[in-house]
Amino acid sequence: MPHLLTPQAVAEVLGLTERTLERWRITGEGPRYIKLSRSTVRYLPEDLATFVADRIRANTAQ
C-alpha cells in the first residue's frame, strides 16, 4: 500500500492553501487525488511529483 499524502501536506509542499487545492479539485487544475470518502481526500506522492514536473518551464514563452 503506497503512502498517501493529506491535503495539508500537499498544500505545505506546494506553498498553497488547502482551499486552493479544494478549488483545483473542483476545476480539475490540480494534481490527481483519491477520494476515500465524502470528506477524505488523499494524494499519491508520484501524482504530486508528476504534477510539479509537468509545470517545469525553461522560459516564459512555454
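Predicted model: local features only at pLDDT ≥ 70, side-chain atom pairs only at ≥ 80, totals over all residues.

Student: Okay, what is the overall layout of the protein chain?

Tutor: The chain has three helices and two strands, and along the sequence they come in the order α-α-β-β-α. Of its 62 residues, 24% count as buried.

Student: How many aromatic pairs are there?

Tutor: Two, by the ring-distance rule. In one of them, Trp-24 and Phe-51 sit 5.6 Å apart, centre to centre, with 50 degrees between their planes.

Student: Why is the pair of Tyr-33 and Tyr-43 called tilted?

Tutor: Check the numbers. Their ring centres are 6.4 Å apart, and the limit for a pair is within 6.5 Å. Their planes are at 55 degrees; stacked needs under 30 degrees and edge-to-face needs over 60.

Student: Where do the partners sit in the chain?

Tutor: Trp-24 is in helix α2 (residues 18-27) and Phe-51 in helix α3 (residues 45-53), 27 residues apart. As for the tyrosines, Tyr-33 is in the loop between α2 and β1, and Tyr-43 is in the loop between β2 and α3, so their pair ties together parts 10 residues apart in sequence.

Student: What makes Tyr-43 buried and Tyr-33 partly exposed?

Tutor: Relative accessible area. Buried means under 20%, and Tyr-43 has 1%, so it is buried. Tyr-33 has 38%, which lies between that cut-off and the 50% one for exposed, so Tyr-33 is partly exposed. Trp-24 and Phe-51 are both buried.

Student: How do you know that the charged end of Arg-25 sits over the ring of Tyr-33?

Tutor: One part of the test is distance: the charge has to be within 6 Å of the ring centre. For Arg-25 and Tyr-33 the value is 5.8 Å. The direction counts too, within 35 degrees of the ring normal, and this case is listed as sitting over the ring.

Student: Last one: why are α1 and α3 called roughly parallel?

Tutor: The two helices pack at an angle of about 30 degrees, with axes 12 Å apart. Angles under 35 degrees count as roughly parallel, so α1 and α3 get that label. Their crossing is right-handed. The contact is made by Val-10, Val-13 and Leu-14 of α1 together with Leu-48, Phe-51 and Val-52 of α3.

Terms used: Residues numbered from 1 in each chain as written. Heavy atoms only, no water. Phe/Tyr/Trp six-rings, centres within 6.5 Å; stacked < 30°, edge-to-face > 60°. Helix = DSSP H or I, 4+ residues; strand = E, 2+ residues; numbered from the N terminus. Buried < 20%, exposed > 50% of the residue type's maximum accessible area, 1.4 Å probe, protein only. Axes fitted to C-alpha atoms, helices over the stretch in contact; angles between N-to-C directions. Parallel < 35°, antiparallel > 145°, perpendicular 65-115°, else oblique. Left-handed = near helix turned anticlockwise from the far one by under 90°. Contact = heavy atoms within 4.5 Å.
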